Amino acid sequence: VFLDCETFNLCLNSCHNLPWQIAMIKVSGDKITAHKNYYIKWDTHLSISADAARITKFNPKMYEKKAVPIEDVFPTIEDWLEKCDYIVGHNFLGFDLYLIKDLYSHMGKSYKPIVNKIIDTNCIARGLKTGNYYKQDQDLLEYQYKMYHNRVRGVKTNLAFLGKEYEIDHESENLHDALEDLKLNLKVWNKLKWQIDL
């Protein structure tokens, strides 16, 4: 399952930030078998920042029309994440995981069973670009966290850059919509996975 969140801002704590969009793509091999694209309604004083609204092309009218309470969609999110083999996302360990952890906590559940399923394509790409290759005897989660914190000047691994570097045909003007980001993320993963031995 590929997962991405769009949020009110960049804070990593639910008292200051919440996801207003959560998208998921279910994949078998290279084939998309299902997808979900949820707009989330919260009982909160928080509002989307001007920068976040601009970057994500937040449409308040569409949001008001489509947004549903998290309680309505969490059972599906939990089901997909609990039953999948892997959870793939770009910068998942550095951002989305904090949001998912808070969602699970909000629903009175533990997120711990899903943690060891995570593949962060940002971390994998950074490892490849810096020559720090994953080895079978390493713990995958530990390796990815090391790569997340391994910042090397000039090494770019953001999703848009990787899309261009791999010459992936994708409409870049639609990036920062969670579902569109996932479509590119899947194409990037399909390039990365042949360069590593998981």
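Helix α9 (178–192) and strand β2 (19–28) each contribute at least two residues to the lining of the second largest pocket, where helices (H or I, at least four residues) and strands (E, at least two) are DSSP runs numbered from the N terminus. The model is predicted, so that local features need pLDDT of at least 70 and side-chain atom pairs count only at pLDDT 80 or more, while totals for chains, interfaces and linings use all residues. Residues are numbered from 1 along each chain as its sequence is written, and side-chain values use heavy atoms, with hydrogens and water left out.

Helix α9 also holds N185, which is buried at a relative accessible area of 2% (buried means under 20%, exposed over 50%, partly exposed in between, with a 1.4 Å probe and protein chains only). Beyond residues up to four places away in sequence, N185 touches F2, G89, H90, T121 and L159, contact meaning heavy atoms within 4.5 Å. I22, with neighbours within four places in sequence left aside, is in contact with residues including L3, C5, I70 and L103.

Turning to the cysteines, the structure holds 0 disulfides, a disulfide being a pair of cysteine sulfur atoms within 2.5 Å. For C5, the nearest cysteine sulfur is that of C84, whereas the sulfur of C15 has its closest cysteine sulfur in C11, too far for a bond.
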